[in-house]
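Here are a few notes to read alongside the model. Have it open while you go through them.

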Amino acid sequence: MTIQTDGRHADPMRRALVAARLATSWGDVPVGAIVLDPTGEVLAEGCNERELTGDPTAHAEVVAIRRAATRLGGWRLAGCTLVVTLEPCTMCAGAVVLSRLDRLVFGAIDQKAGAVGSLWDVVRDRRLNHRPEVIGGVLAAECSAVLAEFFAGQR
């Protein structure tokens, strides 16, 4: 995993943080995601919608990937980048691989469910036919703070 230090992904991560905060308005964990096209333009964004929709698969990453695929008119997101505020879980890491995203950028690590290096490393498993570039730790402190604030309010 590469740790981003040049700020190249800071602005897209800030936009993902805005999306993440939206999820708290319906009581969901604040995770946000955006999909960038090959030129860096935003194709789609999403946040956790599990509480809103009652859909256990409505994680921010899946929501954003679905919206990007709809906008492009196909499931292959080759050349695209997913930017997400929290390290993806196994389901979302699988969605990254299956959608053929070129790059995954994430903020905070997830020691309890992370599948991009913390507990598992789904996206770089050599047995799979697609392995995106991974850049972790982008605005990690800010991403972690949004989650910590949400969970402190739950106690």
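This is a predicted model: local features need pLDDT of at least 70, side-chain atom pairs count only at pLDDT 80 or more; totals for chains, interfaces and linings use all residues.

1. Residues are numbered from 1 along each chain as its sequence is written, and side-chain values use heavy atoms, with hydrogens and water left out.

2. Start with helix H3 (residues 60-72) and helix H4 (residues 90-98), whose axes lie 9 Å apart and pack at an angle of about 25 degrees. That makes H3 roughly parallel to H4 (angles under 35 degrees count as such). Axes here are lines fitted to C-alpha atoms over the stretch in contact, with angles from 0 to 180 degrees between N-to-C directions; helices are DSSP runs of H or I, at least four residues, numbered from the N terminus.

3. Who touches whom here? On the H3 side, Glu61, Val62 and Ile65 meet Met91, Cys92, Ala95 and Val96 of H4 (contact means heavy atoms within 4.5 Å). By type, the residues of this H3 and H4 contact are 6 nonpolar, no polar and 1 charged.

4. Now look at helix H1 (residues 10-23) and H5: their axes cross at roughly 5 degrees and come within 11 Å. H1 and H5 are therefore roughly parallel to each other. Met13, Leu17 and Arg21 of H1 make the contact with Glu142, Cys143 and Val146 of H5. Those residues split into 4 nonpolar, no polar and 2 charged.

5. Next, the largest pocket, with a volume of about 490 Å³. Its lining has 21 residues, and Val29, Leu86, Asp110, Leu147 and Phe151 are the closest to its centre. (A pocket is an open set of points on a 1 Å grid where a 1.4 Å probe fits, with protein on both sides within 12 Å along at least five of seven lines; lining residues have an atom within 4 Å of a point.)

6. Which helix gives the largest share of the lining of the largest pocket? H5 does, with 3 residues; H3 and helix H5 (140-154) each supply at least two. Overall, the lining divides into 12 nonpolar, 4 polar and 5 charged residues.

Definitions and conventions: Angles under 35 degrees count as roughly parallel, over 145 as roughly antiparallel, 65 to 115 as roughly perpendicular and the rest as oblique. Ala, Val, Leu, Ile, Met, Phe, Trp, Tyr, Cys and Pro count as nonpolar, Asp, Glu, Lys and Arg as charged, and the others, Gly among them, as polar. Grid points are joined across faces, edges and corners, and a volume is the space filled by probe spheres set on the points.
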